Amino acid sequence: MSTQYKDVAAEHAAFNTKARQRIQQTEFMTSAPTFRLCPPDEGLEVAFAGRSNAGKSSAINALTNQRQLARSSKTPGRTQMINFFSIGDTDTRLVDLPGYGYAAVPLEMKKEWQVELEEYLVSRSSLAGLVLLTDIRHPLKFFDEQMLHWAKDGELPVHILLTKADKLKYGAAKNALLNTRQALKKLGLSSCTIQLFSALRKDGIDELAGVMGKWYQYKLDGEQVAAAVETVIEDFEGKDAE
């Protein structure tokens, strides 16, 4: 393995780790019943969205390494508050959007939330990126696709988590990832990034943190880069020697 490749891989890994460490400082900030009552539209925020059974709360808790930060309702579709969490300060936020698509939610409520979600994704200036969660066994349902098109209209970058990847064997999970990438391409949404994720096994957390860290405009200082590169190169060399 070339030294140049090791340096790049090491710096990438160091950035992901640093981003994860920062995001683990997340604290509850406030809840809003409508988007009109959200905190001031300033700073940077990343929103998490997904169907009511996509495992959004579990993903947020795994990412932040806090068991009860995001609380899931026992009845999907019941939680309709927009929850804001600060990361270090109130200008850097994680936003937990209400789950959508659950059949038991009244039709009028669904229509109301669709209008508000579209407005939020298209017009919220501080929104730096959207993390869309979709169950790996049932990816990209109709409203998932609608969310992606709204994000595209708002020129908003999207990172997709194929959640509950532990429910499938490795080969089947990789096939699901490939098939979803192909589906996105057919929908004209190939600019979205995508990964496998398991909150249960805590797989994919560093990759997710790295994506969010870029949206939050995190930087590594020179000393952090040097130390991280040295550590990761040692790991690479150890693996090469095996």
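Predicted model: local features only at pLDDT ≥ 70, side-chain atom pairs only at ≥ 80, totals over all residues.
**Exercise 1.** Find which residue forms a salt bridge with Arg36, and where the two partners lie.

*Solution.* Step one: the partner is Glu116, and the closest N and O atoms are 3.0 Å apart. Step two: Arg36 sits in the loop between strand S1 (26-32) and strand S2 (44-50), while Glu116 belongs to helix H3 (residues 107-123), so the pair ties together parts that are 80 residues apart in sequence. Step three: Arg36 is exposed at 63% relative accessible area, whereas Glu116 is buried at 7%.

**Exercise 2.** Work out which parts of the chain are tied together by the salt bridge of Asp41 with Arg124.

*Solution.* The closest N and O atoms of Asp41 and Arg124 are 3.6 Å apart. Asp41 lies in the loop between S1 and S2, and Arg124 in the loop between H3 and strand S5 (127-135); the pair therefore ties together parts 83 residues apart in sequence. Asp41 is partly exposed, at 36%, and Arg124 is buried, at 12%. Both residues belong to a network of salt bridges that also links Glu45 and Arg93.

Conventions. Residues numbered from 1 in each chain as written. Heavy atoms only, no water. Salt bridge = Lys/Arg side-chain N within 4 Å of Asp/Glu carboxyl O. Helix = DSSP H or I, 4+ residues; strand = E, 2+ residues; numbered from the N terminus. Buried < 20%, exposed > 50% of the residue type's maximum accessible area, 1.4 Å probe, protein only.
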